[in-house]
Amino acid sequence: ESSGRGAIRDRKAEETIGGLQYDFSMADRDKAMHSGVIARTIVLDRLTGAWLQEHPGGTVVNVACGLDTRCYRMEGYGRWYNLDLPETIAVRQRLLPENGAISQIAEQDTPALVIIEGLTMYLTETDVQRIFSVIAGRFQSATVLAETMNPMVVKRFREKSIEGSHAKFTWGVKNGAALAALLPEFRLREEHSLTEGMAEFVPVYKLLGKIPAIRNISNKIIVLERK
């Protein structure tokens with residue numbers, strides 16, 4: 001469907017949302033944000049699943065996880081760490097009590113996949129560099145999936161659903177090569193436009209995604225590896 005409803009099946013998320021007393025109406029009205037979240041979920045799920053097939057038993061670290069439920073959709077990891085601010089983790093622990101293979105402390109002796117979704121556009125270039133420096137110092141073998149926003153979009157667009165929190169887009173990067181140039185300990189492996197995810201539930205994007213201007217203005221998932 002054009003709304004993207006049904007593009008992702010996630011029983012755990014449905015159970016969790018069902019127990020929340022929260023007004024999602026503003027987010028539902030923000031079609032650009034709504035579609036973007038679905039598209040990035042599709043792309044990140046695909047890339048995460050592919051990485052786990054290559055690294056069975058590997059470690060996954062989900063940075064700024066919020067109430068993300070990707071860990072329940074994926075298989076094959078040895079450990080999955082959901083990281084966020086203490087107040088967010090406190091809410092997560094109430095709604096999604098986790099144990100066993102899913103927790104909040106990182107280790108460094110297995111290949112690691114680090115997912116940075118919906119975060120970099122609220123930071124500064126220095127913040128982003130610091131995050132990657134910590135990752136490089138923590139893991140000998142690390143692949144990072146980082147969502148980034150085009151600088152032009154940062155300047156011109158704000159998500160209506162976050163106006164109440166006064167959160168603002170603050171940083172963007174043109175492409176994967178430009179991001180890798182800021183990170184001496186990492187090399188660019190590949191990059192994906194969220195148009196790839198959009199094409200899964202809005203068929204016209206199979207064509208639109210081939211237009212460089214549209215592909216480039218969309219948020220990207222940039223795949224980097226520790227050197």
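Predicted model: local features only at pLDDT ≥ 70, side-chain atom pairs only at ≥ 80, totals over all residues.

Student: Okay, how far is the backbone oxygen of G66 from a polar atom of the side chain of R92?
Tutor: That distance is 2.9 Å. Residues are numbered from 1 along each chain as its sequence is written, and side-chain values use heavy atoms, with hydrogens and water left out.

Student: Which other backbone oxygen does the side chain of R92 reach?
Tutor: The one of D68, at 2.9 Å.

Student: And where is R92, and is it buried or exposed?
Tutor: R92 sits in helix 5, residues 86–95. Helices here are DSSP runs of H or I with at least four residues, strands are runs of E with at least two, and both are numbered from the N terminus. R92 is buried, with a relative accessible area of 1%. The cut-offs are under 20% for buried, over 50% for exposed and in between for partly exposed, using a 1.4 Å probe and protein chains only.

Student: What does R92 touch?
Tutor: Leaving out residues up to four places away in sequence, its contacts include C65, L67, C71, Y72, N82 and P97. Contact means heavy atoms within 4.5 Å.

Student: New topic! How many salt bridges are there?
Tutor: A search of the whole structure finds 13. Each is a side-chain nitrogen of Lys or Arg within 4 Å of a carboxyl oxygen of Asp or Glu.

Student: Which residue does E117 pair with?
Tutor: E117 meets R40, at 2.9 Å from N to O. The two are 77 residues apart and link distant parts of the chain: E117 is in the loop between strand 4 (112–116) and helix 6 (125–138), and R40 is in helix 3 (residues 31–54). E117 is buried at 10% relative accessible area, and R40 is buried at 18%.

Student: What about R73 and D45?
Tutor: Their side chains form a salt bridge too, at 2.8 Å from N to O. R73 belongs to helix 4 (residues 70–73) and D45 to helix 3, 28 residues apart. R73 is partly exposed at 22%, but D45 is buried at 15%.

Student: Which residues are linked in a network of salt bridges?
Tutor: R40, D45, D68, R70, R73, E117 and E147.

Student: How far apart along helix 6 are R130 and D127?
Tutor: They are three residues apart, so about one helical turn separates them. Their side chains meet in a salt bridge at 3.3 Å, N to O. R130 is partly exposed at 49%, and D127 is partly exposed at 25%.

Student: Last one: how many aromatic pairs are there?
Tutor: Three, and one of them is Y122 with F169, a tilted pair at 5.4 Å centre to centre with 35 degrees between the planes. Rings of Phe, Tyr and Trp (its six-membered ring) pair if their centres lie within 6.5 Å; planes under 30 degrees apart are stacked, over 60 edge-to-face, and the rest tilted. Y122 is partly exposed at 26%, whereas F169 is buried at 9%.

Note on methods: Polar contact = N/O pair within 3.5 Å; in protein donor to acceptor, adjacent residues only side chain to side chain.
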